[in-house]
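Morning, everyone. Please bring up the sequence and the model, and I'll walk through it.

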Amino acid sequence: MEVKHFNIGGPFELVPDIFKDDRGIFFESFRAENFSKLGIEKAFIQDNHSFSYKNVLRGIHFQLSPFEQGKLVRVTYGKAYDVAVDLRPGSDTFGKYISVVLDSKLNNMFYIPEGFGHGFVALEDCILQYKCTSYYHAPADTGIRWDDPDLKIIWPVENPILSKKDSELPSFKSFIDNNI
């Protein structure tokens, strides 16, 4: 498995070893000992799946302390532009983001640790699947606007399709003022 690191510490992209022959392909999408070697000791305890039509944007979502979720994200069908925003107070990269194009043909994955906001836009109709390190806890569920000018996220779609909830999320400044 190839591991790609970013200029923001914590998240990384994983590209599995894919075994291909005339029958199709095989790969390990998750193996606990590989994550342990990467310093990820928390167990994944919940799996989530979503289907999104092309141009649907979801996020930026996260859960407040002490219910933060680490996520292992992959696209099992289609392609998505996936984003992680550093929301760790005191981090040198607080408020910065990184992105990965997740592609079901590459079977690449994106590990996003606790303390990050997460969002994605479907570049094609896609199924996104992700493992979480803690359970969904509705009272801790929150987010930040996808188009917040302070975050400066460059999304590869001009007019995304948003839920009412996502279109009404607070600004990054409001999040800081009310939570940090």
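**Strands, cores and pockets**

In strand β2 (residues 12-15), F12 and L14 point one way, E13 and V15 the other, and all are buried. Buried means under 20% relative accessible area, with a 1.4 Å probe and protein chains only. Strands are DSSP runs of E, at least two residues; helices are runs of H or I, at least four; both are numbered from the N terminus. In a regular strand the side chains alternate between the two faces of the sheet.

Some ground rules. This is a predicted model: local features need pLDDT of at least 70, side-chain atom pairs count only at pLDDT 80 or more, and totals for chains, interfaces and linings use all residues. Residues are numbered from 1 along each chain as its sequence is written, and side-chain values use heavy atoms, with hydrogens and water left out.

Now the partners of β2. Strand β1 (residues 2-5) runs antiparallel to β2, joined by 4 bridges. Two strands pair if DSSP finds at least two bridges between them. V3 has L14 as its bridge partner. The two strands form a hairpin with 6 residues between them, and G10 in the turn has a positive phi of about 120°. β2 also pairs with β10 (residues 109-112), antiparallel, over 3 bridges. There, E13 is partnered by F110.

F110 comes up again in the core. The largest nonpolar core has 17 residues, and V73, F110 and L128 have the most contacts inside it. A nonpolar core is a set of buried Ala, Val, Leu, Ile, Met, Phe, Trp, Tyr and Cys residues joined through side-chain atoms within 4.5 Å. β12 (126-132) is among the elements giving two or more residues.

What does L128 touch? Leaving aside neighbours within four places in sequence, its contacts include N48, V73, A80 and F120. Contact means heavy atoms within 4.5 Å.

Last, the largest pocket. It holds about 400 Å³ of space. On a 1 Å grid over the protein atoms alone, a pocket is an open set of points where a 1.4 Å probe fits, with protein on both sides within 12 Å along at least five of seven lines; lining residues have an atom within 4 Å of a point. Volume is the space filled by probe spheres set on the points. Of 23 lining residues, R58, H61, K71, Y130 and K165 lie nearest the centre. β6 (57-63) gives the largest share of the lining, 5 residues.

Technical notes. Buried means under 20% relative accessible area, exposed over 50%, partly exposed in between (1.4 Å probe, protein chains only).
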